[in-house]
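Me: Could you take a close look at one part of this model for me and then carry on into its surroundings? I'd like the numbers spelled out.

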Amino acid sequence: MSSPSSTQGAPLASEKRETFSSRKLFILSAIGSAVGLGNIWRFPYVAYENGGGAFLIPYLVAILCAGIPLLFLDYSIGHRYRGSAPLAYRRANRKTEMLGWWQVLICFVIAIYYAAIIAWAAMYCWFSITKAWDKNPKGAEGFFMNDFLKVSDTVGVSFDVVGRIFVPMLIVWLVTMVIMIAGVNKGISRANAVFMPLLIVMFVILVVQSVFLPGAIDGLNAFFTPDFAALQNPAVWAAAFGHIFFSLSVAFGIMVTYSSYMKRKSDLTGSGYVVAFANSGFELLAGIGVFAALGFMAHNAGSSVDDVATSGIGLAFIAFPTIVSQAPLGGLIGVLFFGSLVFAGLTSLISILEVIVAAFQDKLGWKRTPATLVVVLPVAVISLVLFPTTTGLYLLDTMDAFVNQFGILACALVLVIVFGAGLGMLPKLAKHMNRHSSIKLGTGWKVLVGGIGPAALGYMLINEVQSKINEPYSGYPAWFNGIFGWGMAGALIVGAVLMSLIPWGKNSKIDDPEFEQHQKNVEAEELPDAVGKEY
Amino acid sequence: MSGIAIVFMIISMLTIWGGLAISLINLSRNPEKDDDHVIETAEPAGNSNL
């Protein structure tokens with residue numbers, strides 16, 4: 001089977017669509033995508049803040065009732081319609097193409113700032129050895145804000161480049177570019193096959209080292225002691241659903257794209273359960289490692305764990321450096337911790353970029369290398385212009401908050417409503433999943449995706465709209481949040497509509513003989529619809 | 001560590017890491033098929049269980 005090719009010298013694809021060469025590599029890559037910075041720096045604090053040990057109950061409910069069912073929705077669309085997000089949605093229904101471009105644009109925004117955090121973490125590996133922050137009188141916080149990021153006092157957009165961030169960011173983009181050009185099997189699979197085992201080994205050593213620090217037990221005690229009263233608070237349940245939703249990378253287009261590279265006879269649900277529990281398994285490990293380390297920090301400062309507990313950038317770049325300076329073999333803790341952030345971040349960044357590269361590859365019908373260059377080069381340039389600057393932190397903070405809530409969350413809500421109640425496609429998708437999967441999807445899945453999904457996502461979105469309207473995000477000026485928060489989130493929707501209006505050319509993958517064959521094979525294997533339903 | 005914290009630590013480990021172990025066992029019992037070119041027509045059997 002061959003695809004159309006051009007004689008005019010355009011770099012058109014003539015090769016077959018790539019597939020993951022084995023199930024193991026797909027699972028490893030999907031775990032690599034799901035396990036990101038959030039697993040390490042977000043989960044431990046979310047669990048601690050929302051009931052400690054008791055958080056396990058809403059967390060498990062959220063995994064089983066929202067996380068995994070939504071993951072299967074992504075898998076089913078990507079695998080059945082075998083395309084990048086815009087093409088797969090278009091093949092499912094012409095009118096849903098816009099959702100795919102919305103996800104592509106969301107991934108673009110995330111990619112430009114994600115690379116900055118990976119670069120910071122890479123620099124902090126080195127600083128852990130030199131203990132660079134010890135020289136700053138204000139400690140790790142003063143070092144991070146003033147010496148390292150050189151954060152400007154006024155919130156705005158400046159183009160004052162900070163060389164110490166620009167160079168590692170450039171390296172992150174070059175490494176990523178090489179991986180992306182190499183493609184699904186030689187690039188993405190290989191990178192995950194190397195980085196993921198390395199991440200797990202490094203993180204396990206870090207956790208073992210942390211639990212033997214003085215005071216670690218107090219940290220673990222704080223982390224696991226259940227607060228049962230929290231279970232009566234709806235905010236705790238919303239936190240569990242929200243966390244799982246972001247942690248599993250559902251509704252980004254990533255899982256649609258990755259599952260489109262799976263063989264036709266794949267055990268989709270069986271693989272999905274492994275991915276979901278591996279993601280949670282890593283989070284639990286992170287919770288133990290982080291709270292053991294925070295227990296040590298509290299012990300050293302003579303304060304309580306509650307005083308030092310934090311998440312996100314504050315945990316990674318302010319609390320951990322303090323621990324690195326004080327702990328025995330602290331340098332090793334630092335290298336393992338920041339190295340883990342680099343590997344967890346890189347494997348996620350690759351998956352985010354693949355959503356964009358695959359979309360352009362399908363739209364243009366180009367080969368891997370030119371399609372990657374035409375996507376990754378502009379993304380890298382925009383990222384390198386906006387983020388290694390004295391105002392990069394403000395931009396990153398606002399864009400991250402708004403793209404998560406009014407990009408991913410809003411898109412997911414539209415997705416479940418459209419595919420559930422709108423198009424009524426869930427029975428068809430369940431049938432596709434069930435053909436070769438070990439765990440079958442039935443009415444339960446359709447109710448969870450079509451009913452519980454919209455209810456939970458809608459509740460979270462309304463809460464977020466209210467909180468962001470009531471007070472300016474992070475206290476930033478209204479114009480700043482207006483442009484880079486609300487404006488950016490709105491622009492993604494407008495951009496997605498415009499992209500979906502651009503016609504698919506004759507070289508694009510819209511009429512792909514390979515897909516037509518796939519479609520025929522899928523339909524030949526499907527159970528025919530029952531006839532005579534009226535009886 | 002208090003007794004209840006230890007109990008919840010163990011329950012968390014058993015459910016999450018245990019869930020991972022069960023998922024892996026389930027997957028290993030359903031080996032990967034490498035014959036994508038062969039059409040397997042569906043048999044009208046099999047019920048949903050989720």
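What percentage of the 50 residues in chain B do buried residues make up?

Reply: Buried residues make up 22% of the 50 in chain B, where buried means under 20% relative accessible area, exposed over 50% and partly exposed in between (1.4 Å probe, protein chains only). This is a predicted model, in which local features need pLDDT of at least 70 and side-chain atom pairs pLDDT 80 or more, while totals for chains, interfaces and linings use all residues. Residues count from 1 along each chain as written, chains are lettered from A and ligands numbered from 1 in the order written, and side-chain values use heavy atoms, without hydrogens or water.

Chain B has 1 helix and 0 strands (DSSP runs: H or I of at least four residues, E of at least two, numbered from the N terminus). Its accessible surface is about 3400 Å², with 64% belonging to carbon and sulfur atoms (Shrake-Rupley, 1.4 Å probe; for residues, only the protein chains shown count as cover). The average pLDDT (the predictor's confidence in each residue, from 0 to 100) is 86 for chain B, and 84% of its residues score at least 70. The model as a whole scores ipTM 0.90 and pTM 0.93.

Now for the aromatic rings. Over all chains there are 46 aromatic pairs (Phe, Tyr or the six-membered ring of Trp, centres within 6.5 Å; planes under 30 degrees apart are stacked, over 60 edge-to-face, the rest tilted). Tyr124(A) and Trp133(A) are stacked because their centres lie 5.4 Å apart and their planes meet at 20 degrees. Tyr124(A) is buried at 0% relative accessible area, and Trp133(A) is buried at 2%. Phe223(A) and Phe291(A) also stack, with centres 5.0 Å apart and planes at 25 degrees. That pair links distant parts of the chain, 68 residues apart: Phe223(A) in helix H9 (residues 216-224) and Phe291(A) in helix H12 (residues 268-301), both of chain A. Both phenylalanines are buried. One aromatic cluster includes Trp120(A), Tyr124(A), Trp133(A) and Phe338(A).

Charges meet rings too: the charged end of Arg91(A) sits over Phe515(A), 3.6 Å from the ring centre (NZ of Lys or CZ of Arg within 6 Å of the centre and within 35 degrees of the ring normal).

Cys107(A) is buried at 0%, whereas Cys65(A) is partly exposed at 25%.
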